2 protein chains.
Amino acid sequence: MSQPKIRNMEDFASVSGISRPTLSKYFNDPASVRSSTRARIETALERFDFHPNIYAMNQNRRLTKNIGIVVPNLSDPFFAEMARNIENWVIKAGFRPVLLGSHGDPEQEIENLDNLRLIKPAGVLMAPLGRMSLASRIASFCEDVPTVLFDSNIDDIGEAFVGSNNVQSVCLIVDYLCRTGQPPAFFEMKTPANPNAFKRRNTYVRAMEELGHEPRLIQVDGEGWNLEEIGFREGTKVLSEGQLPTDTILCSNDRLAIGVLSAAYQLGFKVGIEGDCDLRVAGHDDHPFSRYTCPTLTTVSQDYEVIAEKSAKTLFELIESEKRAEKRTVTMLDGKLVMRGSA
Amino acid sequence: MSQPKIRNMEDFASVSGISRPTLSKYFNDPASVRSSTRARIETALERFDFHPNIYAMNQNRRLTKNIGIVVPNLSDPFFAEMARNIENWVIKAGFRPVLLGSHGDPEQEIENLDNLRLIKPAGVLMAPLGRMSLASRIASFCEDVPTVLFDSNIDDIGEAFVGSNNVQSVCLIVDYLCRTGQPPAFFEMKTPANPNAFKRRNTYVRAMEELGHEPRLIQVDGEGWNLEEIGFREGTKVLSEGQLPTDTILCSNDRLAIGVLSAAYQLGFKVGIEGDCDLRVAGHDDHPFSRYTCPTLTTVSQDYEVIAEKSAKTLFELIESEKRAEKRTVTMLDGKLVMRGSA
DNA sequence: CAAATAAATTTACGCGCGTAAATTTAAAAT
DNA sequence: ATTTTAAATTTACGCGCGTAAATTTATTTG
């Protein structure tokens with residue numbers, strides 16, 4: 001069959017016998033045309049396999065069905081997984097995900113938002129870089145586009161925040177560690193880029209004091225996002241100096257813990273909960289790789305799936321309501337203790 | 001100063017005193033306007049911070065400065081890192097990277113190409129899914145858009161391929177393992193999705209035969225891309241059955257090896273090269289996490305940076321030449337042995 | 001069956017920009 | 001200063017689609 005080439009909606013209009021404005025309505029919302037018309041269009045669609053040009057749509061529609069997803073770093077499996085989860089929810093809700101990573105760079109983060117503006121997204125789901133983020137510029141973006149933050153909170157920015165309850169989760173694991181062995185020291189970066197890190201530090205200190213133990217902060221040097229490397233390098237230092245007043249290390253996040261675990265292994269420490277072990281290491285986040293470390297990493301889970309679902313649905317409600325949130329909501333999800341081999 | 005809001009190039013034309021067609025020329029190529037004009041534009045640009053709408057540009061230009069980057073899975077740190085490297089080269093060459101992940105799904109891979117078509121990319125860098133890829137549809141895309149494949153080759157598709165020389169790299173590590181201990185068994189998936197896996201298997205068999213050893217294939221069940229999980233689950237089976245005729249396992253890739261390493265640890269095997277160890281495990285790829293496993297993973301590096309650079313530059317040359325390659329070139333980069341603790 | 005209502009069509013313009021042709025202006029060369 | 005040449009401007013149209021208003025056609029209601 002010598003089908004004529006369909007180059008645009010006009011072409012498709014002539015071969016399908018439907019006017020272009022009606023087709024436009026259909027592609028925007030199939031339910032908005034009469035069912036008999038819909039059937040005719042869909043029959044023609046099967047024969048000709050036409051897809052409207054999404055960028056031309058974006059350009060002209062006041063509001064599109066695009067939803068931007070911005071994460072600090074796609075190279076981090078945590079964010080990659082989180083993004084994947086969110087993408088699935090976005091698709092399920094009939095929207096179109098547009099995923100952008102910021103490579104740990106605040107300028108790139110803003111550029112991502114600028115690019116998103118051009119496709120007139122119905123909303124944006126964003127995990128900000130944190131402390132380094134250019135907050136005021138993000139804020140001005142959020143004034144124009146309904147935005148839900150996840151993972152890292154920035155005060156008063158966006159319509160809502162969904163993340164984990166660091167107070168609860170850190171208390172949980174500190175409590176667990178204290179019950180099952182020596183009270184933990186807290187291993188973290190001196191100047192962490194992520195606001196969660198500060199909450200975790202403070203909570204650790206408070207939790208230790210409440211349990212009647214002296215908090216011990218191990219604050220190590222290091223810049224950037226190569227956390228395993230930092231955990232390994234600085235963990236090696238700390239462990240080989242042998243000045244640790246405890247045999248238990250709680251790391252501010254799993255990626256640091258993965259590095260520390262590797263350092264401990266190489267230095268000949270036996271890590272774990274058994275009697276013959278000389279070190280316990282715990283993390284925070286339930287990073288995708290933490291179940292494959294040696295030993296497997298005891299940690300507190302951030303429930304990816306729930307954070308993804310909750311933040312996505314919060315945004316969808318906002319979009320459907322067609323108005324902005326009266327009040328910024330903050331949702332903090334409890335972590336669950338994941339008891340594995342390392343502590 | 002009460003700057004008028006610049007909404008488009010027309011607005012910018014009036015405030016800058018330059019005609020819109022000249023501005024259009026400038027934004028396409030700053031060198032194409034007289035230097036005095038360029039200076040005037042750039043001065044105005046500083047005052048008004050105008051950026052042309054990239055999507056409107058894409059729509060109208062016959063050829064854009066976009067370069068598509070398509071990888072099988074952004075959740076895999078290997079591809080995430082590779083993509084980051086490529087993005088850097090693309091930016092450095094004055095192009096605009098557009099990164100898309102296929103989530104391991106052949107349909108998504110095609111959809112990514114269809115979406116790329118709309119932004120009229122100058123070229124595409126693509127790591128295909130492999131065996132599952134809908135090859136004929138990729139081929140027809142490649143007829144329209146200059147495309148360089150990397151990582152996984154598909155015969156005769158694209159203008160060029162850049163990847164690692166599996167024959168060389170597998171020979172290298174087989175040789176190393178045979179020299180330093182018992183000849184390795186080869187641990188892999190029964191039905192791998194990636195064509196490299198087949199090359200590696202065949203090379204392993206040949207290399208073993210040439211060295212006068214009997215090849216031993218351990219072909220495990222498993223679907224999908226959660227390779228660590230498969231390595232762990234099937235590794236646990238293999239190791240606990242205790243039927244291994246050798247104490248050395250060469251895994252088809254690092255992600256499987258990470259799973260096997262975890263299984264070995266949990267079963268109480270001591271993995272490593274020292275005399276008191278009862279198992280050696282090696283991988284292939286030098287995955288970002290392989291330097292933090294316990295013990296650290298001996299492997300063969302695929303040189304990310306060189307593959308990224310070479311494939312990018314091959315594409316740039318193609319684009320500049322403004323014609324298609326007379327002959328499809330295949331570049332295979334040698335791997336380097338990375339001797340770490342596990343074998 | 002006619003009247004009321006709903007949906008589709010026709011017509012026309014807009015989005016932000018590329019680009020070609022004719023014309024004017026500015027710079028370089030004589 | 002005059003001619004030659006290069007570059008900028010004006011004008012006009014196109015890309016693929018959204019969308020509003022007026023009109024026609026089809027469906028539903030009484």
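Colleague: Before we start, what should I keep in mind about the numbering and the model?

Modeller: Residues are numbered from 1 along each chain as its sequence is written, while chains are lettered from A and ligands numbered from 1 in the order in which they are written. This is a predicted model, where local features need pLDDT of at least 70, side-chain atom pairs count only at pLDDT 80 or more, and totals for chains, interfaces and linings use all residues; side-chain values use heavy atoms, with hydrogens and water left out.

Colleague: OK, which domains does chain A have?

Modeller: The assignment for chain A gives domain 1 (9-52), domain 2 (66-164 + 304-334) and domain 3 (166-301), with bounds that come from an automatic or database domain assignment.

Colleague: And how many residues do domain 2 and domain 3 of chain A put into their contact?

Modeller: Domain 2 of chain A brings 17 residues and domain 3 of chain A brings 16, where contact means heavy atoms within 4.5 Å. The centres of these two domains, taken over C-alpha atoms, are 29 Å apart.

Colleague: What area is buried there?

Modeller: About 1,400 Å² is buried between domain 2 and domain 3 of chain A, and carbon and sulfur atoms give 52% of that; buried area is the accessible area (1.4 Å probe) that two parts lose on being put together, summed over both. On the domain 2 side, Arg131(A), Ser164(A) and Asp334(A) supply 32% of the area buried against domain 3, more than any other three residues.

Colleague: How many salt bridges between those two domains?

Modeller: The count between domain 2 and domain 3 of chain A is one, a salt bridge being a side-chain nitrogen of Lys or Arg within 4 Å of a carboxyl oxygen of Asp or Glu. Separately, the side chains of Arg255(A) and Asp76(A) meet in a salt bridge, at 2.8 Å from N to O.

Colleague: Switching topic, what order do the strands of that open sheet in chain A take?

Modeller: Its four strands run in the order β7-β6-β8-β9 with parallel pairing, where strands (E, at least two residues) and helices (H or I, at least four) are DSSP runs numbered from the N terminus, and two strands pair if DSSP finds at least two bridges between them. The edge strands of chain A are β7 (217-220) and β9 (280-282), each pairing on one side only.

Colleague: And how many bridges join β6 to β8 in chain A?

Modeller: Three bridges join β6 (residues 185-189) to β8 (residues 248-251) of chain A, and Ala185(A) stands opposite Ile249(A) in β8(A).

Colleague: Now the two chains, what does their interface look like in numbers?

Modeller: Chain B and chain A each give 36 residues to the contact, and the area buried between them is about 3,100 Å², of which carbon and sulfur atoms give 60%. In chain B, Tyr55(B), Phe289(B) and Tyr292(B) lose the most area to chain A, together 23% of what that side buries. The count of salt bridges between the two chains is zero.
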